[in-house]
Amino acid sequence: MNAQFQALVEKHKPKIVVRREFNVVGISCETTMMDKDIKVPDVVEEFHSSRIGEVQNRIDETTSYGIFVDPPNFNPEKDEFTWIAGVEVTDVQEIPTDMTSVTIPAHQYAVVAFDPNTDEINPYQFLYQWFTSEGYEEADLIGFEVYNPYKGVDSNYTLYLPVKKSEEE
């Protein structure tokens, strides 16, 4: 690990955590990596400005999620993925019209907090570089951003990328 990257690690303090299973209800879109910077902010803003109040059985009034679901063998150059803007709920029995639900399985995640107003890193690339240097690899599961609270497109968030121990060790 070079000195510059080590300094970023010391500043951002990424870590590995285990999260329990949880359910999220929200609205979604299909997008590509090329179109995500247009489609995702629109979906997130629509959810927070006009749809969030429709969700029943919400667990935490201040926390919301941006969830990305990649298809198997995801190719970022051409494949679409699903983005869900939502909130955690106690159950998924009552899903409002035109909304979707997803259960995030209990799993191990690489985690880093990110402030888009002051941090000069790409949190996804940074976290990927960090966890691979720590002996982990991507797990083919659902990743997410946690907003606490969501304050608009420049909100701080904590990024969770699903990981597993590398088999090459």
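These are my notes from looking through this structure, which is a predicted model.

**Overall layout**

I started with the secondary structure and got three helices and nine strands. Going along the sequence, I wrote the order down as α-β-β-α-β-β-β-β-α-β-β-β.

Next I checked the dimensions. The C-alpha atoms sit in a box of roughly 50 × 35 × 30 Å along the principal axes.

Of the contacts with a separation of 6 or more, 78% join residues 24 or more positions apart.

**Surface and charge**

I noted an accessible surface of about 9500 Å², with 46% of that area on carbon and sulfur atoms. As for burial, 45% of the 169 residues count as buried.

Then I counted charges: 13 side chains are positive and 31 are negative. The centres of the two sets are 5 Å apart.

The largest nonpolar core has 33 residues, and the members touching the most others are F47, V55, W83, L127, W130, F131 and L159. I went through the elements that each give at least two residues to this core: helix 1 (3-12), helix 2 (36-51) and helix 3 (123-133), plus strand 2 (22-31), strand 4 (81-89), strand 6 (107-114) and strand 9. Strand 4 has the largest share, with five residues. Apart from this core I found another, of 13 residues, including F22, I67, I104 and V146.

**F131 and L161**

Leaving out neighbours within four places in sequence, F131 is in contact with A110, Y136, E137, E138, L161 and V163.

That took me to L161, which sits in strand 9 (residues 157-165). Is L161 buried or exposed? Its relative accessibility is 10%, and the cut-off for buried is under 20%, so I put L161 down as buried.

Which residues does L161 contact beyond its neighbours within four places in sequence? I listed F68, Q108, Y109, A110, Y124, L127, Y128 and F131. A110 is on this list and also on the one for F131. L127 is on the L161 list and is one of the core members touching the most others.

Last, I took a distance: Y147 is 14 residues from L161 along the chain, and their C-alpha atoms are separated by 15 Å.

Note on methods. Residues are numbered from 1 along each chain as its sequence is written. This is a predicted model: local features need pLDDT of at least 70, side-chain atom pairs count only at pLDDT 80 or more; totals for chains, interfaces and linings use all residues. Side-chain values use heavy atoms; hydrogens and water are left out. Helices (H or I, at least four residues) and strands (E, at least two) are DSSP runs, numbered from the N terminus. Buried means under 20% relative accessible area, exposed over 50%, partly exposed in between (1.4 Å probe, protein chains only). Contact means heavy atoms within 4.5 Å. Accessible areas come from the Shrake-Rupley method with a 1.4 Å probe; for residues, only the protein chains shown count as cover. Lys and Arg count as positive and Asp and Glu as negative; His and the chain ends are not counted. The place of a charge is taken as NZ of Lys, CZ of Arg, CG of Asp or CD of Glu. A nonpolar core is a set of buried Ala, Val, Leu, Ile, Met, Phe, Trp, Tyr and Cys residues joined through side-chain atoms within 4.5 Å.
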